[in-house]
Amino acid sequence: MIQDLRALPGAAQSLILIAAGVLAFVVSWDEGLFTMLNTGTGSGSVGAKVVSAITTPIALVILVVGAGLAVNRVHGSGAILVSAVAAAFGWALANGAKLLIDRPRPYLSLSEAILRQDPARGTSFPSSHTAIVTAVVVALFPLLPRPWRVVGILVILVVAWSRMYFGVHHPLDLLGGVGMGMAAAGLAWLIVGAIAGAW
């Protein structure tokens with residue numbers, strides 16, 4: 001089971017990923033891009049609603065388990081473990097940061113923001129949706145064939161775009177979520193790699 005995860009990066013690569021995640025977390029830019037991507041209606045609304053529906057908390061749990069099971073066929077059940085650990089860290093890091101950084105949602109702070117869903121709970125920075133999806137995709141990246149890596153990156157981009165389109169996150173929130181997700185994946189590699197080495 002755990003031995004099948006030897007394809008995961010080692011400690012040095014894990015630490016580089018964590019550092020890159022922290023760097024992405026603290027980079028700052030913002031409102032103009034939000035206004036550009038949030039305004040207008042058009043055909044994107046149907047697609048965004050689908051994306052929003054499939055990134056609810058329950059759907060994210062299904063995503064984690066489903067991704068782990070899909071990779072499990074090639075790399076053993078350890079893939080479920082690494083995706084679950086990454087998702088848990090992604091959720092914890094993002095929600096921990098929300099407690100420290102009290103940033104209002106864009107529909108509360110920007111008069112031109114368009115809210116296309118029910119008001120979201122909690123603060124804006126970072127995006128926990130983006131953090132969890134990024135954590136799972138990046139954690140499984142070394143175990144995925146190249147075409148599925150591209151699909152994973154597209155999933156991250158689409159989820160991030162939908163959060164702005166619906167008016168519940170600024171671009172910086174999404175970048176922070178990506179950073180948290182990358183750091184969470186690096187932590188998952190370290191922990192699961194240590195467990196695999198011990199077994």
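P126 sits in the loop between α6 and α7. A cis peptide bond joins F125 to P126, with omega at about -5°. S127 belongs to the loop between α6 and α7 as well. Helices here are DSSP runs of H or I with at least four residues, strands are runs of E with at least two, and both are numbered from the N terminus. The model is predicted: local features need pLDDT of at least 70, side-chain atom pairs count only at pLDDT 80 or more, and totals for chains, interfaces and linings use all residues. Residues are numbered from 1 along each chain as its sequence is written, and side-chain values use heavy atoms, with hydrogens and water left out.

S127 has a relative accessible area of 0% and is therefore buried. Buried means under 20% relative accessible area, exposed means over 50%, and partly exposed lies in between (1.4 Å probe, protein chains only). Residues up to four places away in sequence aside, S127 touches R163, H169, D173, L174 and G177. Contact means heavy atoms within 4.5 Å.

H170 is placed in the loop between α8 and α9. Its relative accessible area is 1%, so H170 is buried. A further pairing involves T35: the C-alpha atoms of T35 and H170 are separated by 9.0 Å, although the residues are 135 apart along the chain. T35 is in helix α2 (residues 31-38). With a relative accessible area of 23%, T35 is partly exposed.

One salt bridge is found in a search of the whole structure. A salt bridge is a side-chain nitrogen of Lys or Arg within 4 Å of a carboxyl oxygen of Asp or Glu. The side chains of R103 and D173 form it, at 3.0 Å from N to O. The pair links distant parts of the chain, 70 residues apart. R103 is in the loop between α5 (78-100) and α6 (106-109), while D173 is in helix α9 (residues 171-198). Both R103 and D173 are buried.

Helix α7 (residues 128-140) packs against α8, their axes coming within 9 Å and crossing at roughly 180°. The two helices are therefore roughly antiparallel. Axes are lines fitted to C-alpha atoms, for helices over the stretch in contact, and angles run from 0 to 180 degrees between N-to-C directions. Angles under 35 degrees count as roughly parallel, over 145 as roughly antiparallel, 65 to 115 as roughly perpendicular and the rest as oblique. On the α7 side the contact is made by H129, T130, V133, T134 and V137. The α8 side contributes G152, I153, V155, I156, V159, A160 and R163.

Helix α8 (residues 146-165) also holds L157. L157 counts as exposed because its relative accessibility is 52%. Together with V150, I153 and L154, L157 forms a nonpolar surface patch of about 360 Å² accessible area. Patches are made of residues with over 30% relative accessible area and no salt bridge, with like charges joined within 9 Å and nonpolar side chains (Val, Leu, Ile, Met, Phe, Trp, Tyr) within 5 Å. Accessible areas come from the Shrake-Rupley method with a 1.4 Å probe, and for residues only the protein chains shown count as cover.

Overall, the chain contains nine helices and zero strands. Buried residues account for 47% of its 199 residues. Among contacts with a separation of 6 or more, 84% join residues 24 or more positions apart. The chain exposes about 9,600 Å², of which carbon and sulfur atoms supply 71%.
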